[in-house]
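Student: I am new to this structure and would like to look at one part of it slowly. Could you take me through a single strand and what lies around it?

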Amino acid sequence: MRRATIPALVIAVGLLLFADLLVVNPALGDLAGVAVAAVIAVAAGAAIATGTTLAVRRGLDLWRRRGDPVGALAVLLGMAAVLVAGLRPGSAGAADPAVGWIVAALIAPIGATLFGLLFLATLSAARRSAIRGGREGLVLVAAALVLVVALLPIGGPLGTALSGVASWTLSVPIAGVFRGILIGIAITAAILATRTMFGIGPADE
Amino acid sequence: MSERLARFGLPLAVVGLLALVVAVGPNLGLRIAGSDPAPAGRLIEVLDRLPADPAVLVGFDPDLGTYPELRPTVRTLVADLLDRGAGLSFVSMTPEGRALAVAEMARLDRLGAPRGSVTDLGFIPGAEAALVSLAGAISGQRPAAGPPGLDELDGTDLAVVVGGNDLGPRSWVEQVAPRAAGLQIVAVTPTVLLPEVEPYRASGQLAALLTTPGQGAAFRERTPAGSFPALAERAGPSPAAIAAGLLVAAVWLASALLAGGPARRLLRPTARR
Amino acid sequence: MRHEMGLPMPSPADLVGGLLSFVGDALGVSSFRLGIGTTLVALGVLLVFLQLVARPVTRWVTSDPGGLAGVGRAMALAAEAGTDAVFSLGTAGLARSTDAFGRLQTLAAMGLLGHVARAAARSGVPVRVLVNDPLAAIAAATTIESAHDRTATRERTSRSRVVVVGEGRGPSAGLVMTARARPAAAFALGNSREEATLGFEGLRGESGTALTAGTPEPSQAAAALLAGGGALIGPELFGAAADLQSDATERTSAVAANRLIVLAVVAIAIGSALALAGIIHPDGLLAGLGGR
């Protein structure tokens, strides 16, 4: 027999927060506030657990020489560097210059460089999709080509005309399609949220 | 298209085009600010309607990959708010956002932002629970759960949401707007989020929204230098670099369509697997 | 009637009166936070779904847009190649600082992980699951164990593993782009945002691994379509499980969503006509959310 404690807790807290969203009532608000404060505390614990779990797993990978030892060592050294910089005696914590340097000189450039590769990855995927010849891919690439040309930052009358084309394309057909997708996604997500709130899961899980 | 041409000709042509654009770009009248000035005007109207010495809550949750796109606009907006006498309270609900917020506040302190004008509310875990706690603090309806300073948010005049990370304007509209009646929310987000946040602007749930480099450039052009010119960042991405990237993409996509025989394939029925 | 303390016991009428007074006071200080229109819409979603749960659906037409019903073939290829299959649960996780919409996508993808894990267990193919938070890792490990239980292949459980890639979206994309291993089959189902294209390209790799990609994030619909192979875009990820198994709850959810979408389309059409005629302004009904 499955334990009913956790599902009952989920249903109770879920319905409480849902009622607090729909109805403004001081007593209900105070009760929901307790639940919100508890969620924040649990989330803080989960955040600490995430870092600890990552360090433990990578440490075990390194100890047992499995997976990617170089990557595991890099993760552990990076975590150690930030923790030492932020927690050493006399440190200003997250605002310490040493932590700021690590963020500005290492973490931010690595993150920005990684996402700079999006340009190349997107072009590569678009080219492959067009050459493969699927109808959806071709329409996607052709529409992207039109919009890319319309977005060229050219001045003068030509630039104004292209800008008008881009604005109309973004605000009418593209926005229309996206609003339809957003409505469909919102409805299906609301159904899944309702199932989760009432503890109604699939029969075989 | 012959293999030799595809292998050498196209890349050489692209490089040549890039060099030409970069060399003569400034003389071609390239300008990204003129493409869409209305969003910048809406944001400036919202800022002009603020009372004197407004209390502004800055929800700072950009992500490392897309923050370079927003940075000039965000810094100019912050400098303009300080010029209007605003008291800024920075809060983050994502780790990356918190790291970038600490860096930005350190920069403001280093470059001479007025003492006491910037409050650090720290990082609040819990995602939507954090937003609900913030909304409660803003509306004064319940004691806030979070760091010190949260209980002084009663009377906030404006919320500025710097998006890009997992919690963005959409979450603020869903969780904060219904609970903090009357609070105006404006947002600065990367271009990739344009399709999903624009409907919130169109419906009025976001008072103003800047999402593209062009909109950011238009805002920076129309914002005066003010009392803290060092805090702003006027120089945005180079129009020539943007034009070069777009041209490379256009040539690449066009060559892909030609290589794939689009006309023939569009007429042939295809089934999605 | 008097009890031991000498005070009169309240009569049933007094109790009912007190209860009514309490309820009345509570209602008197209460109000709708979102306005009557939005509140009715929110309650309508609950009512439509719960009404269908009470009377489960029996008729169903399978569509399977992502091609997940053919995962057995992908697993057979993986078994022949002697490699594993990779399943990325996206980058929202379950305990990260991300919005509820992202976490719901991870929950939806967990059901599809179960389907893939069962097919892999039957074929003897190890599954490597990529997650970026420990709670999602626990849920994924439980799903893998359950799949091996259902297929009576418990001796193979230890060959599959769950990899926690680290906090944020960047590590997930960086890992798949730099990993040397080339799986025969890859699945990227769940929340993917700006890193989606990087993650999908990394999982496909130079060798053209068969990839099924899906994310409900509207801004990444193009990334899933360009990835090649099966694609689940928009709401399709939430409804995919209904096509894979004859589970009443999954199919009831899909039917409830379809009915609500039809209602939304009708409301938009009627509202647009009335607004064009200048009779009403529909956003006034939803004023609770600040529409103006």
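Tutor: Here is a walk around strand 2 of chain C, its partner strands and a helix beside it. This is a predicted model, in which local features need pLDDT of at least 70 and side-chain atom pairs count only at pLDDT 80 or more, while totals for chains, interfaces and linings use all residues. Residues are numbered from 1 along each chain as its sequence is written, with chains lettered from A and ligands numbered from 1 in the order in which they are written.

Let's begin with the strand itself. Strand 2 of chain C covers residues 85-90; helices (H or I, at least four residues) and strands (E, at least two) are DSSP runs, numbered from the N terminus. Six of its six residues are buried, so strand 2 of chain C is largely enclosed by the rest of the structure. Here a residue is buried if 20 or more other C-beta atoms lie within 10 Å of its own, exposed if 12 or fewer, and partly exposed in between, with C-beta atoms placed from the backbone.

Now for its partners. Two strands pair if DSSP finds at least two bridges between them. Strand 2 of chain C runs parallel to strand 3 of chain C (residues 127-131), and four bridges join them. The chain gets from strand 2 to strand 3 of chain C by way of helix 4 (residues 100-123) of chain C, in a right-handed β-α-β crossover. Right-handed means that, with the strands pointing away from the viewer, the path from the first strand over the helix to the second runs clockwise. Within this pair, C:Ala85 stands opposite C:Val127.

Strand 5 of chain C (residues 185-191) is also parallel to strand 2 of chain C, and five bridges join the two. There, C:Val86 has C:Ala186 as its bridge partner.

Finally, look at helix 7 of chain C, residues 196-204. Nine of its nine residues are buried, so this helix is largely enclosed by the rest of the structure. Among them are C:Phe200, C:Glu201 and C:Arg204. The buried residues of helix 7 of chain C pack against strand 2 of chain C, and also against helix 6 (170-178), strand 5, strand 6 (210-215) and helix 8 (221-226) of chain C. Helix 5 of chain A is packed against them too; contact here means C-beta atoms, placed from the backbone, within 7 Å. Just after helix 7 of chain C comes C:Gly205, with a positive phi of about 70°.

Key
Contact = placed C-beta atoms within 7 Å.
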